[in-house]
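Visitor: I'd like a quick tour of this one. Could you take me through it, starting with some helix packing?

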Amino acid sequence: MNALNHLIATATFWMPRQASDVAVELDNVFYFIYYLSVIFFVGIIAAMVYFSVKYRRKSADQRTSPLAHSNTLELWWTAIPTVLLAVIFFWGFKAWVTLNVPPANAMEIQVRAWKWGWEFTYNTPNTTFTSPHLYVPEKKPIKLVMTSNDVLHSFYLPEFRIKRDVLPKRATVLWFEARQATGTWPEETARKQDPKTGKWGDVSLSKPYNLFCAEYCGQQHSMMMRKVYVLSQAHYEKWVVEKEKDAGSDKPLDVLGQELYTSKTCNTCHSVDGTAVLGPSFKGRYGAKVEFADGTSGKMDDDYIIESIEYPNRKIAKGFPAAMPTFKGQLDAKQLRALVAYIQSVNGKYNAQKK
Amino acid sequence: MTTATDVIRPGGGPSATGHAEEKDYLNVDNSIMSWLFTLDHKRIGLMYLASVLFFFFFGGILALLIRTELFTPGADFLTYFVSGKNAAELKLAAADLYNQLFTLHGAIMIFLFLIPSIPATFGNFFLPLMLGAKDVAFPRLNLFSFYIYVLGAFFFLYTLASGGLDTGWTFYTPYSTSTNTAVIASTFGAFILGFSSILTGVNFVVTVHKMRAPRMTWTRIPLFLWALYSTSLIQILATPVLAITLLLLIFERALGIGIFDPAMGGDPVLYQHFFWFYSHPAVYIMILPAFGVISETISVHSRKHIFGYGFIAASSVSIALIGFLVWGHHMFVSGQSPLASLLFSMITFAVAVPTAIKVFSWVATLYKGSIVFNAPMLNALSFIFLFTIGGLTGLFLATLATDVHLHDTYFVVAHFHYVMVGGTLVAFLAAIHHWWAKMFGRHYNEWCGRISAIFVFIGFNLTFFSQFVMGSQGMPRRYFTYDQVSPELLSIYTRMHQISTVGSMILGLALTFTLFYLAHSLFFGKKVHNDSDLRWTGESMEWKTATPPSPHNFHEQPIAYNSPYDFKEIDHSLGGGH
């Protein structure tokens, strides 16, 4: 826990924790500009206040100086800022090169963004699996290859000081190296007393970092947040083994569907309790007649569900906006069946034996 | 020097024979039609003034709604304005409302207030007066520009009635091609407003070139006009690019032609290039006139020749020109090539130098002056304080590495508010107080003016300095809620948002107070009977007309014998660089 406290202590008045090596380099540039700015600002304002007070009008006919320019002064105050600005530029450029060149041995993770969620795909020698949060081993360069399903998003880790826009139909790359593990797998918890209620409860000892979407992307832009867990190599390997097992397991379709329902963020627009959010609820509609926005209608059956996942704008339910992004190509046949199974189970119509 | 003052004694003062006072531009004809169809640049300037103030207060109310919502991390205040069957529905409906509020706040403040603010009001009113001309070169075109502005504004208001716009004022694709809100109406509004901007620019450039008073050489033009001249060049050269970009956006949405939307084979980064090619120079459209106002007020209220006239005039033009080559600094993390980012960063630093020179020159102007702390001067000093912070924080954003962290956070929000509000709005306040008595022939209450300047300063700093802190701590902009962040950041964000919201209330009250005492002075303010009633005068030609000016400005053609900064308090026996 000492290491953890140390990491939190790297947070200052201006900057959050330093989770990556590049954060240290970048903060040095930041503070160089900062102190330079403070010196210039204090100098300018001190001169302004001093002159204003010293030469304030004491009598209506106060005489003033004919001074209207000075080549020496003007030359100096052009030259000195120019030199300092050049220093800032080059230092910023140096750190920028580091930010833009991932080491050759970096571990690659694929990042997918959509309205409004993130998904991380890991390719291990054994299999491929996905995770809704980003788990990385400490002290290892990680290369992120990112793309978006719909509009622009921006992958932003404030504690790592990195950010890059995520674009549809295009891959952007970002890399970082986490300094020190701040999480455990499985997450360790401690008993802690709530100071208000006096009740004892479990709190996580992991201190995950924040993942924000920094490019405005519509309604739930501010809720498009995930966590970043930095684990020790040993804990990370444990997590990978767990996920590999999960990916290969034959869990019931409706359970898999329920997992996809949250990890693919269906839940942000479709409720399972009958209330309409941005899209229609999954409950109470399965097998029923659906009115479409173009005046036609149809039955909500398995085919309609799969069609709507892949081509959401073909048959829009009446009274709802055409807001859903397509998930075509991101779900395999089994995952599509799982989602159908989950919708059936929400409506009490799932029969595990039948499938 | 004395010659100039003596020759141009207009008919404003009480005539020696005691006959009825001559009509001024305000009371020459009181009918509504005489205002609606006026070709007088002064009346057109006032119609702009009323319009931009209306939109400023409208945009300001939207800002206060935004600030109130952000006082707490979760969704609360705005949920009272929407309907929904349960908490989840309310939250999402409120999120939509929030997105429309910040979009309209930005779009209204930029397109309807900041861009026309100083040039269209004080520029229209004082450009011909300061040149010694009887009007702008094309008075009918000037009136036409005003009505184009009104038409464009109606399109913007239409977006409110038709269910809002939620793209942000930047209309980034492909979000703007996919959202259901009124993108076409509002971009068409911005398209129309662009013509108003271009035509005003053309009018000013021609007026400055062709209608200067005899002997007014380029080095005797007041610096406010150098600033307006540079601004006009940008308006003429950059605005057409915005117009083309917005038309392409409309084509994409209406006709499904793939230009920017990757789903149709377009390129969203291309849109950002087009958009910022206009919108970065547009930043200088908003701030250069403010520089000009500060040069005038600082020198008049310290009775000193402006320091470094040549450098200030040249820096306005060079900022305008270099400003065309820096648009890519808005796109360091957009996926544009790192090499392009490198060049854009380098050129951005090149703009910092002329800007720094201006600030140094203003401070040097105070040296050995006769400084009086009235409302325009307090606002001008406040401008130097706030704009210096705005300028210096720009360095963090021009630097490649630090921008990666700070881009699209509240640090950027704070930075551009320090420049656009601390800069342009405070300069606008300096201008309105500086020229108020000259424009309306009535005095505002000086103590009210001082109190307003001080509270605007306090409220502004509380509102926006806290945003620098939360921004560098990572708080992204355009966030409706921030309750999902980790606990240590949540406590920082919450505290800073609360300081900011309290500050915004103080700022809002101070500006409302300003509006009230200025409006009050129009009817009850102390009357200016002749020039000796004015609390101050300058040496530039707008001070050589009657107060308020006569409909055709001057009775005799004024002649520019001297620099506009040659005050009679200046003691030439003291020596000093000339």
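Visitor: What is the handedness of the crossing where α11(B) passes α12(B)?
Guide: This is a predicted model, where local features need pLDDT of at least 70, side-chain atom pairs count only at pLDDT 80 or more, and totals for chains, interfaces and linings use all residues. Residues are numbered from 1 along each chain as its sequence is written, with chains lettered from A and ligands numbered from 1 in the order in which they are written. Helices (H or I, at least four residues) and strands (E, at least two) are DSSP runs numbered from the N terminus, and a crossing is left-handed if the near helix is turned anticlockwise from the far one by less than a right angle, right-handed if clockwise. For α11(B) passing α12(B), the crossing is left-handed.

Visitor: How are α11(B) and α12(B) oriented to each other, roughly parallel or roughly antiparallel?
Guide: Axes are lines fitted to C-alpha atoms, for helices over the stretch in contact, with angles from 0 to 180 degrees between N-to-C directions. Here the axes come within 9 Å and cross at roughly 155°. Angles under 35 degrees count as roughly parallel, over 145 as roughly antiparallel, 65 to 115 as roughly perpendicular and the rest as oblique. So α11(B) and α12(B) are roughly antiparallel.

Visitor: How many residues of the contact of α11(B) with α12(B) are nonpolar?
Guide: Contact means C-beta atoms, placed from the backbone, within 7 Å. Ala, Val, Leu, Ile, Met, Phe, Trp, Tyr, Cys and Pro count as nonpolar, Asp, Glu, Lys and Arg as charged, and the others, Gly among them, as polar. Besides 4 polar and 1 charged, the nonpolar count is 9.

Visitor: At what angle do the axes of α3(B) and α5(B) cross?
Guide: α3(B) covers residues 41–69 and α5(B) residues 117–131. Their axes come within 8 Å, and the crossing angle is roughly 160°. That makes α3(B) and α5(B) roughly antiparallel, at that roughly 160°.

Visitor: Which helix gives the most to the side of chain B that touches chain A?
Guide: 88 residues of chain B are in contact with 78 residues of chain A. Several helices supply at least two residues each, including α4, α16 and α17 of chain B. With 13 residues, the top contributor is α12(B).

Visitor: Which are the edge strands of the open sheet in chain A?
Guide: Strands pair if DSSP finds at least two bridges between them. The order is β3-β2-β1-β5-β8, with mixed pairing. Pairing on one side only, the edge strands are β3 and β8.

Key. Contact = placed C-beta atoms within 7 Å.
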